[in-house]
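Here is a short report on one protein model. Look at the structure first, then read on.

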Amino acid sequence: MGITFQTFDLLKKNIDEFGKLGDVLTLGRLGNQIDKKSLKLLRLENNKIFSQIYFDEILVDYLKANSVDSLDNSNFEGANIICDMNNELKNINKQYDTIIDIGTSEHIFNINQNLINISKLCKKGGRIIHCLPANNQCGHGFWQFSPEIFFSLYDESNGYQSTKLNLIDSYDNQNYWEIKKGPKNERLELNSFSPLYIFVSTIKKSENIFQKVQQSDYNYIWNKKSENIDTVINKKSSLSITLKKIKDKIKYFFRNNYLFEKKFLKYENKRLFLKNFYKKNNNLILFSYERKN
């Protein structure tokens, strides 16, 4: 994958918030996929640097990175560091101020080792940036990523801070969403009709490598050992429990009635899908991409 208008805009915002990129390492050699229409809206159509096939020179000349190295498993796109991120990196000669992983990690089978390697390649005080498939990209690579993995992985307890997540809808070039952490006892599930990507930024503050990575809702329950498990999972009033029982009985009737079964299942499946539709999620904050008019 390469840099699209959406990732370019979020990368610029990241630089405005956290400062210059410094020495950059990209996973894979980043292609330039900013289309002509977007360049025109940005008033960059006459900037010759944006005619480049790859993004290396744009990172240096336009976004003011000090230097750019690219790492790949082969040199088929001209990467200058050949390395298999499935394997542990034992002899690291250089650490970088910024690691940019846009559309690469989903293609690496040993994802845990890959993420450890990325952290090792990042300087203390440096920045890690990902933009990876989140939904509706089945078959694009080995993996699709949830917000949960990055909130849990890039936690302060693991030596990271200022972790920030944004959601990109591939079919929406007007808006993006900031993802906020949900309550510890709830899952942050995001359904969509279109391909979604997660844009992640975090700052590495120590050399601790993933001391504790657990799914937050399970972690919440496990840490409540002194409480009754039913109380932890379901702190509800007697009225709400009664209403739920009634609702369940009604559902049972329609689900097992020959006349209503098909229509009910269709309705129920749609309801469950829309319940977690990303645009309705309270943990997402809507923003618009900045364009020069």
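## A salt bridge at Arg-187

The side chains of Arg-187 and Asp-217 meet in a salt bridge, 2.6 Å from N to O. A salt bridge here is a side-chain nitrogen of Lys or Arg within 4 Å of a carboxyl oxygen of Asp or Glu. Arg-187 lies in the loop between strand 9 and strand 10 (196–204), and Asp-217 lies in helix 6 (residues 216–222), so the pair ties together parts that are 30 residues apart in sequence. Helices (H or I, at least four residues) and strands (E, at least two) are DSSP runs, numbered from the N terminus.

Arg-187 is partly exposed, at 44% relative accessible area. Asp-217 is buried, at 10%. Buried means under 20% relative accessible area, exposed means over 50%, and partly exposed is in between (1.4 Å probe, protein chains only).

## About the model

This is a predicted model: local features need pLDDT of at least 70, side-chain atom pairs count only at pLDDT 80 or more, and totals for chains, interfaces and linings use all residues. Residues are numbered from 1 along each chain as its sequence is written, and side-chain values use heavy atoms, with hydrogens and water left out.

## Other salt bridges

How many salt bridges does a search of the whole structure find? The search finds ten. One of them joins Asp-56 to Arg-29, with the closest N and O atoms 3.2 Å apart. Asp-56 sits in helix 3 (residues 56–61), while Arg-29 sits in the loop between strand 2 (23–27) and strand 3 (31–32), so this pair links parts 27 residues apart in sequence. Asp-56 counts as buried at 19% relative accessibility. Arg-29 counts as partly exposed at 23%.

Lys-204 also forms a salt bridge, with Glu-207. Their closest N and O atoms are 3.0 Å apart. Lys-204 is buried, with a relative accessible area of 0%. Glu-207 is partly exposed, at 43%.

Now turn to strand 9. Five of its five residues (175–179) are buried, so strand 9 is largely enclosed by the rest of the structure. Asn-175, Trp-177 and Ile-179 point one way. Tyr-176 and Glu-178 point the other way.

Which way do strand 8 and strand 9 run? They run antiparallel, joined by three bridges. Two strands pair if DSSP finds at least two bridges between them. Strand 8 and strand 9 form a hairpin with five residues between them. Leu-165 stands opposite Ile-179 in strand 9.

Strand 9 also runs antiparallel to strand 11 (residues 284–288), with five bridges joining them. Here Asn-175 stands opposite Ser-288.
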